[in-house]
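I opened the structure to look up a few things and note them here. The entries follow in the order I took them.

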Amino acid sequence: MTWRDVIGLAARGVARRPGRATLTVLSVALAAALFSALLTISRTAQVRVLDQLADGGPLAGIEVSPAAPDPTQVDQDEARPGVPRDLDQQALRQIAALPDVRTVIPLVGTRVAVAVPETIRLQDGTTVTTEGGQGRRRAAQGLLFEDLVGADIRRASDLPVSVLAGRLPRPGSTTEVAVSTAWLARLGLDRTQAERVLGLELDVGAPRVFADSIRSRWVRMTVVGVVAQQAAGGALLAPIEAVRPARAWTLASVSDGPFRLPGSPYSGAFVVARSLDRVAEARNGIADIGYSTSAPENLIASVQRYLRVVEIVLAGIGLIALAIATLGITNALLAAVRERRREIGVLKAIGARDRDVLRLFLVEAGVLGAVGGLVGTVFGMGLASLVGVVVNGYLRSQGLVGVRPELPLTVAVAGVLGAGVLAVLAGAIPARRAARLPAREAVEA
Amino acid sequence: MDGGVAIAVRGLHHRYPAPEGVLEVLSAVDLDVDAGGYVAVTGPSGAGKSTLLSVLGGLEALQEGEATVGEVDLAGLAGDDLAAYRRTTVGFVFQHFGLLETLTAAENVELAATLAGVRPAARRARAAELLDAVGLADRARHAPLQLSGGERQRVAIARSLANGPRLLLADEPTGNLDEGSATTVIELLERLRVERGCTLLVVTHNRALASRAPHRVALAAGEPGAVAS
């Protein structure tokens, strides 16, 4: 008998008691749903928490400062930088060549003046007053002086930047800018009101000190997004193409004056190690090259361990549910064997071998388990998505980045196959019992 | 007669464990059936008729004695060998029909060929031919529950012939049928025996049915028997 024949017969066997089959499948489906929902929620929470720790960037991210390393700080997550040191193209090349480094993203920073009228009309028609801002005094002539950070936006996914509202500036754009939550505070807004500043136009000037005056080159930039960014200190984030000319203009000042900029060509770099467990080696390598680094590696590793424990516990609960459900399969199949003794005898009388009968019942169990597993996994993912919607609603109301529930395909496939395999194991005893029934059952009254 | 297998049984004993000890159902039974023969096995309940059929059909392993069906010595068979013997040499017809309710008439007939590893197209053709032979070509796609008792037994007969057996064993084949259907079924068995060249053993309580067979074997409960066809 081929597998196709066995599967066909098994499917007929399952269909013969639709009520029982449905209940059995439902029990497996509910367990699989619980299993996949718990894993999805656990995995999503893990991603969210780690993402929060990594400030939206990769877990293996390392900030490089334009400073020499302080030997006493090398193993610290938030290492205190040593004396300033220029971070130039050659240094970046050396860092990029380290075996534990996957990528290096240079950052350029400069000081800019932002023209801010006393009252700003936002795109939604409301107005805010800059006098309501916190912690910063308005300069004369309605100017705020800010740090503008430039980064390669094409590689934003490798940067510790989370978009809270809107989007990032387009790569290469010189007229788009994203503002940080700190900048929102200047307008008296909090992160829950981030959407309100989208579309706001800012006049951003790069100042330059001449012998007898200060002149600025002005660019009108549109706020396209609000971000939480930790790539470098700065309230404004723009494509590196927009920041380089502004910095070059300011650096050409005749004297340091009030806009003194560090001489380092790059204000920092964001390095991504090949994996979290290679962060330490990458940091050591960068320290050997001569630069100070910081990375939340110890914190992330520690939190990751706790989250893994939570995941194991939740998966364990799901597995227990699955195991209980598979006992239902054992029970249903034992009942089927009792009811079908004569049928099994007839099958043997017309030539079925013990292993044909064994296969038949194992496949029946597998079919019940796999169908239940498939239905349950899909249902569980849906359930997790529903939970995600509720959680997102809460997170967004708090001005936080939402979550995206996701169950890795491998886990989903493993859920379905696992349910099938558990069901086959659960069916082993009934199947064995069926296979051992004597052919004589065919002629028993 | 061509076809069929000769049966030779010598000193056959068969016992079952019972609460009160070992129950000897067959005791020193001798039996000879010519190739292509037609024998009715009669006897009271508990005489061992079905057990004799089970042993000759390979439903149970031989415990003691000798039994040869054609060239096959049943004493040496067990497990898969016994299954192969049932598949290739024997066709069973049961009182309860033994049809799988979830399969159609054609699929029930095909099932026996499926177990023998016959390819789908060939077994479909064989099932169609056999259902035609038992007069049920137009009921091929009906489920057993949609057929009368007589029709179900005719499907079971078609199934018993699916692998071209040389020995047909029928255990009370008309026990669940009305008189008209019983006559139809037994005439069908007799006709197919001749057409297909099989040896036919029919276990029955029915004297009229038994009297149709040219040879009759009577088993007495608990007594040794030496019978010949």
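How many residues of chain B are in contact with chain A? I found 24 residues of chain B in contact with 21 residues of chain A. Contact here means C-beta atoms, placed from the backbone, within 7 Å.

Before going on, I noted the basis. This is a predicted model, in which local features need pLDDT of at least 70 and side-chain atom pairs count only at pLDDT 80 or more, while totals for chains, interfaces and linings use all residues. Residues are numbered from 1 along each chain as its sequence is written, and chains are lettered from A and ligands numbered from 1 in the order in which they are written.

**Interface, chain B side**

I asked which elements of chain B give two or more residues to the side that touches chain A. They are helix H1 (49-57), helix H2 (79-89) and helix H3 (105-115) of chain B. Helices (H or I, at least four residues) and strands (E, at least two) are DSSP runs, numbered from the N terminus. By class, I read eleven nonpolar, six polar and seven charged residues on this side. Nonpolar covers Ala, Val, Leu, Ile, Met, Phe, Trp, Tyr, Cys and Pro; charged covers Asp, Glu, Lys and Arg; the others, Gly among them, are polar.

**Sheet in chain B**

Next I traced an open sheet of four strands in chain B, ordered E2-E1-E4-E5, with antiparallel pairing. Strands pair if DSSP finds at least two bridges between them. Strand E2 (21-33) and strand E5 (72-73) of chain B each have a single partner strand, so one side of each has no neighbour in the sheet. Strand E4 (residues 64-69) of chain B pairs with E5(B) over two bridges. Thr68(B) has Asp73(B) of E5(B) as its bridge partner.

**Helix pair in chain A**

I then took helix H7 (residues 297-339) and helix H9 (residues 354-397) of chain A. They pack at about 140°, with axes 11 Å apart. H7(A) is therefore oblique to H9(A); angles under 35 degrees count as roughly parallel, over 145 as roughly antiparallel, 65 to 115 as roughly perpendicular and the rest as oblique. H7(A) gives Thr326(A), Ile329(A) and Leu333(A) to the contact. H9(A) gives Phe361(A), Glu364(A), Ala365(A), Leu368(A) and Gly369(A). I sorted the contact residues into five nonpolar, two polar and one charged.

**Leu261(A)**

Last, I checked one loop residue. Leu261(A) sits between helix H5 (240-251) and strand E11 (268-273) of chain A. Leaving aside neighbours within four places in sequence, Leu261(A) contacts Thr110(A), Arg111(A), Arg247(A), Thr250(A) and Leu251(A).

Terms used
Contact = placed C-beta atoms within 7 Å. Axes fitted to C-alpha atoms, helices over the stretch in contact; angles between N-to-C directions.
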